[in-house]
Every structure is written in C-alpha cells, then in structure tokens.
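Hi,

Here is the structure I promised to pass on. Please open it first, then read my notes below.

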Amino acid sequence: MKRRTFIKLSAISAAGMVLPLQLEGQAPAKPLLKPNTLITPNADFYILQIGDPAVLDAATWRMAITGLIEKQMPPLRLEDIVAMESVEATRTLKCIGDPIGTEQMSNAHWKGVRLRDLLEKVGPKPEAKVVVFRCADGYHTAIPLEDAMREDTLLAYEMNGVPLPTEHGFPIRLLNPGHYGTKNPKWIVNIHLAKAHESYWEKRGWDPIANVKLGTMIGTPSEGEKITGGKIYTVSGAAFDAGHHGGIKKVEVSVDFGQTWQEAEIWAKDTPLAWVLWKWDWQVPEEANPVEVYARATAHSGVTQDEIGLELEPVGAIPYHMIDAAIVEP
Ligand SMILES: Nc1nc2c(c(=O)[nH]1)N[C@H]1C(S)=C(S)[C@@H](COP(=O)(O)O)O[C@H]1N2
Ligand SMILES: [Mo]
C-alpha cells in the first residue's frame, strides 16, 4: 500500500469508522485472528508426549492385534492398512492437561481406516471389554471396546495430505472422537484386547474416561496485550465440545466483567468433532484502562460454560477463558 493511502486510511480509522481489518495497517506482524485457519498447518499443530517422539521405519514397522480375539492374524504392515477402505475426517485434538485457553488444541484433516474394520477381522471374544494400545515410546492407553467399534473411531496414517509426521505418530495413530489427547495414542505397535487395563496417565491420577469438556479459548487478545483505545479490535478464538452436547451453537464475549455478553460470529466450522472459530469486532473505548476479556460457549443441547471457577482437574477444564489486557491511548 502507498504511504499516502495508508495515512489517509489511518486517519479515517482513528475517527472511529469501521474499516476492513486488512486495510488498517501495513503487513501486520501478527495474525488478526487466532486461530486464523480452520485447519491447523502441520508445522503449527501442538505436540505432546511423555518423552521423545518415537522414530519408526515404515519398512520394518509391524502392528500385531493380540489378546482376547477369536482369530489370529499376522502382524499388519503399513501397506496392509493403506490397502483397506479409507476414511477422511476433520478432527480437533485437545490435551486434558491444557490449562483453560492455552495452545494445546489444534485441528487437522486426517485420512485413515476405521478401527472396527480391523477388529471385525480378528473378532473380539465376548469377555473382551477394552482395547489397549501399546506405543513405541512406552506409552499405553485403553479405550472401551464399545468406543473402538464406533464408526468414527479411526486409525490415521495421513495428516493434512501428507503421511503422519513423526511427532504426530508416524506411521499410525488413533483418532478417538470425543476424547482428550490421552486417548489418541501415537506410534501404535500393538492393539491388545483385554478385560481391563490401567493406562499410563490413569496410573498418575488422570481421568480414565477423558471426555472433552465444553470449552472456548481466546486467541486474540493475548494475555497482557495492549489494545489501542478508540478503534475496532477483533476478539477471536476457538470453541469445541467434541460432539458431547451437539456441537457449538454460539460463542459470546464480555468485556465488562461478565455483566453483558455479545454474540460472536462463527466464521469457520466443520462437524462437531472439529472446533469452531469465532470473532467479535469490539469498538474499544477511548479511555486507557485495564480490561478483562471473557468468552463462553453454548452448545446445541443448551449447556453454557460456567462462570470462572477452579479448573476441574483431573477431568478437564470447563470454566470460561479470561484474558487480562489493557486499553491504551492511541
Ligand atoms: N505414544 C504416545 N501417544 C500419545 C502421547 C504419548 O505420550 N505417547 N501423548 C498423548 C497426549 S497427552 C496428547 S495431548 C496427544 C497429542 O497429540 P499431538 O502431539 O499429535 O498433538 O498425544 C497423545 N498420544
Ligand atoms: Mo495431552
């Protein structure tokens, strides 16, 4: 943009007119919305595990299905899985240990196979109650057989159009809808059917069910951000219920300590198994002041996020996200 044009637009903006955001400044240093894409690029997707990522070789990797099964099958190779009927889905992952509103939530487009298609080949015995996943890094976790047989429980081998990156579980990880990251094991080397199993994190006190709780994160503003008074500022973020309450119906923002709430615009969404992205244009008051920005989600079932409270560890947080920021003079 020519400098003269820029000055002119800035002047209009300072007078309080609503300008398209992209015209407000030259090459803004940070995105105006956060998240700013429905699909998180692989390079930005959060990464979390108990140790170092396991580095596996597709040529030698094998995954055996063992335990309470009717029919033995030779350990599977990656090409056996890729040869099966594939499914694609957009899915959000969120960490159970995520303090309210931090960065440990991302969304990708995945390709894989239905876990149940594999389990049907071996035939779980009637006494099998859980499916245990053993991973190359020593991690292990179990899910109820009932969940494993759901149509949308997937073993993924692609993430955003490329083979699963090493950090995200190459060659195979589980995508277990409705459940926190703990129940989405990476680098799987064995699927074992059993009567019961105590998983890695359960041994350390975390919720064995790990159902994702209704939640919202505020991406902009960030903690401590200085917001210019007298202008439009776009408050933005993501909300997710993992399908437990029918998906996100609306997101509201408060900049007056929760006295009044303004409905945000949901500008990107997929199925309830993916987050929704929202934004709200705030006409920031002129006067310099500290400000708190809150955001809360309401799901289609009618449930709304609670007022600020304690984090409900170890079952995952539900109280709404709150950002401390400051309005500063232009
Ligand atoms: N093998 C293995 N899988 C794992 C973990 C792990 O430590 N080892 N951590 C889990 C946790 S706690 C989370 S939040 C997600 C994170 O997945 P990501 O790194 O692809 O975002 O992986 C899950 N799967
Ligand atoms: Mo996690």
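N160 is partly exposed, because its relative accessibility of 23% falls between the 20% and 50% cut-offs. Keep in mind that this is a predicted model. N160 sits in the loop between β6 (154–159) and β7 (162–163). Its phi is positive, about 50°, although N160 is not a glycine.

A210 also has a positive phi, about 60°, and is not a glycine either. Look for A210 in the loop between β9 (188–194) and β10. Is A210 buried or exposed? A210 is buried, since its relative accessible area is 0% and buried means under 20%.

Most residues other than glycine have a negative phi, and most peptide bonds are trans. The peptide bond from K34 to P35 is cis, with omega near -5°. P35 is in the loop between α1 (3–14) and β1 (64–67). The bond from T220 to P221 is cis too, with omega near 0°. P221 belongs to the loop between β10 (215–220) and β11 (226–228).

- K186: a polar side-chain atom is 2.5 Å from an oxygen atom of ligand 1.
- H168: a side-chain N or O atom is 2.7 Å from an oxygen atom of ligand 1.
- N184: a backbone N or O atom is 3.2 Å from a nitrogen atom of ligand 1.

The protein covers 99% of the 530 Å² of accessible area that ligand 1 has on its own.

Best wishes

Terms used:
Residues are numbered from 1 along each chain as its sequence is written. Chains are lettered from A and ligands numbered from 1 in the order in which they are written. This is a predicted model: local features need pLDDT of at least 70, side-chain atom pairs count only at pLDDT 80 or more; totals for chains, interfaces and linings use all residues. Side-chain values use heavy atoms; hydrogens and water are left out. A polar contact is a pair of N or O atoms within 3.5 Å; within protein, one must be able to donate a hydrogen and the other to accept it, and residues adjacent in sequence count only if both atoms are side-chain atoms. Accessible areas come from the Shrake-Rupley method with a 1.4 Å probe; for residues, only the protein chains shown count as cover. Helices (H or I, at least four residues) and strands (E, at least two) are DSSP runs, numbered from the N terminus. Buried means under 20% relative accessible area, exposed over 50%, partly exposed in between (1.4 Å probe, protein chains only).
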